[in-house]
Amino acid sequence: MILKANLKYNICWLILMVAGFYLMNALILVGVIDSFLENMVVTIGINIILAVGLNLVIGFAGQFSLGHAGFMAVGAYATAIMISKTPTAGAFYLSIIVGVIVAIIAALIVGFPTLRLRGDYLAIATMGAAEIIRIIINNLKITNGPSGMFNIPQFATWPVVYIMVCVTTIIIVNFIHSRGGRAALAVREDEIAAESMGINVFKWKLAAFVLGAATAAVAGSMQASYLQTIAPSNFNIMESIAILIIVVLGGVGSITGTFVAATILGVVDAALQNFGALRMVIYALVLILIMIFKPSGIMGSKELSFKRLFNRKNKKVGAKS
Amino acid sequence: MTTLFQQLINGLSLGSIYALLALGYTMVYGIIKLINFAHGDIYMLGAFWGYYTINFWHFNFIFALLSAMLVCAVAGVVIEYFAYRPLRHAPRITALITAIGVSYFLENGMSYLYGADTRDFPQVIKQVNFNLWGVRVSNIQILILVTACLLMILLQLIIKKTKMGRAMRAVSVDPDAAELVGININRTISFTFALGSSMAGAAGVLIGLYYNSIDPLMGMTPGIKAFVAAVVGGIGSVPGASLGGFLIGLLETAVQSVGLSAYKDAAVYLVLIIILLVLPSGIFGKNVKEKV
Amino acid sequence: MTTLLNVEDLVKNFGGLTAVSDVDMHLNDDELVALIGPNGAGKTTLFNLLTGVIVPSSGSITFRSNDGLIPLNGMKTYKIANLGMGRTFQNIRLFKELTVLDNVLIAMTANYKEGFLQSVFRSPKFYKTEARIRQDAIELLKIFGLQDDVDQLAKNLPYGIQRRLEIVRSLAMKPKILFLDEPAAGMNPEETADLTRLIRQVQRDFHITVLLIEHDMSLVMNLASRIYVLDHGSLLAEGTPTEIQQNDAVIKAYLGEEA
């Protein structure tokens, strides 16, 4: 019974994902989406992967991390280095896994000491840790130092990025709605109460942080292989802040909001492409105004849910009969 | 030994700039718990004000410094009024994003209006180097140190001895209780922004004089470093911010002098993390435990 | 009757202040004990010591589990909780932005397993586990008449119901000992009477030991089989409700000022 009910919702999500894929495919075939728009869509996709992961850490586990770009850099360089040496699809997929593993190790090293800190202190410590990662990459030979890496083979085409967006989102959303996710929510709500309910607060903080870092590494791999060029300066504090902006704009604690915000910002960014220096001025004003008039973000903490949609419909039917 | 003293002088000069900036962060954070990301850009405004007034209105140093402080104070108050005040009761992360928006606005607005290129800061005071027992000290370094120390003492006096300073301390401890005893919260917060921003304005003019070059993005990195300094000193604590500023300045010069300049920022962040692990609220910060 | 929790010479100093000094106490299987004392006597501090929220300065706390005696001094809060000690808080600490059901499910975290891959890829076993624990949680909520509020956010519940939910949440941990910190605080007489029935029912049906901090004397005298009186951090008296009511020292220190 439970299995069957859930199957219905899962099929809805699957249809949505497949439909999105074919819509994109059709639009490219007809020529509505040219290479400029494709680039926009892929950038939005990569930002979604990043922001969904950061939303898990900030919005659901309640840990204010400002170091997301550091873990993204780990994935990006893992992929760039590996597929520059062996430009095969196999090496590309292996490099994603390697990036994820290295990012997990980095997140454990960073998270283990810093996750004892609270609020803004945690934010500034994780920001510092991410900068340390970037500075190390900046000074290594294998990463080609500050000038970065060029001509990275392109394996991350738009369908690959699309599938990765789906996979990472499914993993994170499913994690949130499981034992671990609930424990993380309890940590966000009240650490002392959570601890008194037998929840190992530190362990679940670290778990959320590590999972967020792992997906950031996937986004990094996508970026390196799609844009084919990366430099350490792509992964500085401003990049971490750009991801944070998506999370807050969409609504802290709303994955749906993250999708909406990443899309809006991506489209606005592309639309303002020809405005030159004025572009960032407008962007800044839009940001300030949205925050003043919608302080809890576009979606607040609301989510799109087929379950709720069905239940609402059922209630209406029930009321009639 | 002489190199040690040489680095000490260089570190203190740089540190006093960080300290002046850190004061603004710490005061604003202390009173409304906001990381004012736009603070580094106020410092940029101060530097540009100094650049224009000295070049076109032929201001002397003192006049340029004081007018930059005044202009930045006004800028700080205006920003608080329009961007932060509407969000005083919003989630803190929202106010933080707004501050980032203001920072982008100032940086890119300046680039748009005046161009993004780097320009030479006018040498309003001719640099003279003194040689004290083998240590090279410039009159500008001394000027920076003395000005910074004077301003910090002045600030400390304002906070400890004046009525407004008392109001600032009261609001930072408990805004609701402060309002109950008749303190005008809005005016106190405006005053805090004015004070902090004027310190940033002074730092902007001083750094222009010291490094000779300014550009619209010059506030980003020192802004973040100064915030780190404020956190290291214990955010909310005025002596802590000064101490943190000098510490970060000294650390940077020390790392640079041993030939690891590529890692100087990494060293700053590493020290930050280590200090926070030992003292989770910085050197002078109060560690408040939650009551169960 | 066996001793479940044994406390010897427990001391807690905060700087120069001694909040709890040389407290000896024990809790037996399946009994309801009250801890009373004037404001500032150190009752909540004692609770925090027993549940590991704060670490004792000296003395010992021993818990008898199925595997023998376990010293609790310095053990992490969540480990103590998982040994079988549930609690509520003086100033309600529910997970406010979460639903009633989630509040209860979270307390059950230690009582079931879900592998990471199992949860993120939704194996059939995952759905089965979820269905089972949800069923358990709802059944528990039913006993306390909260089945209609399952999807409500905890913060939207009325005050009395929040107190009740906090008790349900701690019961979901399947505790052996339940620590209730002023459960009747802020309640009217009717609600207090309700609560008294509820606590008695919990203690009887779940066969657990309850230690209760309370100011409401009618509730304490009604419920407790034994009472500890704490004053200025040390134990003033111990005994049955009748003994305590007749104890001169207690009357002087505590009841005297109210009478």
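The model described here is predicted. H1(C) is mostly covered, with seven of its eight residues buried. The buried positions of H1(C) are Lys43(C), Thr44(C), Leu46(C), Phe47(C), Asn48(C), Leu49(C) and Leu50(C). Just after H1(C), a positive phi of about 80° is found at Gly52(C).

Strand E4 of chain C, residues 58-65, is joined to E5(C) by four bridges, and the two run antiparallel. Within this pairing, Ser65(C) of E4(C) stands opposite Gly68(C) in E5(C).

A second sheet of chain C is also open and consists of six strands in the order E6-E7-E8-E3-E9-E10, with mixed pairing. Its edges are strand E6 (85-87) and strand E10 (234-239) of chain C; because each has a single partner strand, one side of each is left without a neighbour in the sheet. Strand E9 of chain C (residues 226-231) and E10(C) run antiparallel and are joined by five bridges. Leu230(C) stands opposite Leu235(C) in E10(C).

In total, the secondary structure of chain C comprises 10 helices and 10 strands. The radius of gyration of chain C is 19 Å, which agrees with the value near 18 Å that a compact globule of 259 residues would have. The C-alpha trace of chain C spans about 65 × 40 × 35 Å along its principal axes. Of the 259 residues in chain C, 43% are buried. Among the contacts in chain C with a separation of 6 or more, 66% are between residues 24 or more positions apart.

Chain B has 11 helices and four strands. The radius of gyration of chain B is 19 Å, close to the 19 Å given by the globule rule for 292 residues, so chain B is as compact as a globular protein of that length. Taken along the principal axes, the C-alpha atoms of chain B fill a box of roughly 60 × 45 × 35 Å. Buried residues account for 53% of the 292 residues of chain B. In chain B, residues 24 or more positions apart contribute 76% of the contacts with a separation of 6 or more.

The largest nonpolar core has 285 residues, and those with the most contacts inside it are Leu20(B), Ala229(B) and Val104(C). When neighbours within four places in sequence are left aside, Ala229(B) is in contact with Tyr18(B), Ala19(B), Ala22(B), Ala241(B), Gly244(B), Gly245(B), Leu247(B) and Ile248(B).

Chain A is in contact with both of the other chains described above. Towards chain B, 32 residues of chain A are in contact with 35 residues of chain B. On the side of chain A that touches chain B, helix H4 (89-114), helix H5 (119-139), helix H10 (237-250) and helix H12 (278-293) of chain A each supply at least two residues. The residues of this side divide into 26 nonpolar, four polar and two charged.

Towards chain C, 24 residues of chain A are in contact with 28 residues of chain C. Helix H1 (2-30), helix H6 (158-176), helix H7 (179-189) and helix H8 (191-196) of chain A each supply at least two residues of the side of chain A that touches chain C. H7(A) gives the most to this side, with seven residues. By class, the side of chain A that touches chain C has 12 nonpolar, seven polar and five charged residues.

Definitions and conventions: Residues numbered from 1 in each chain as written. Chains lettered and ligands numbered in written order. Predicted model: local features only at pLDDT ≥ 70, side-chain atom pairs only at ≥ 80, totals over all residues. Pairing = 2+ DSSP bridges. Core = buried A, V, L, I, M, F, W, Y, C linked by C-beta atoms within 7 Å. Buried ≥ 20, exposed ≤ 12 C-beta atoms within 10 Å, placed from the backbone. Contact = placed C-beta atoms within 7 Å. Nonpolar A, V, L, I, M, F, W, Y, C, P; charged D, E, K, R; others polar. Rg over C-alpha atoms; globule rule 2.2 N^0.38 Å.
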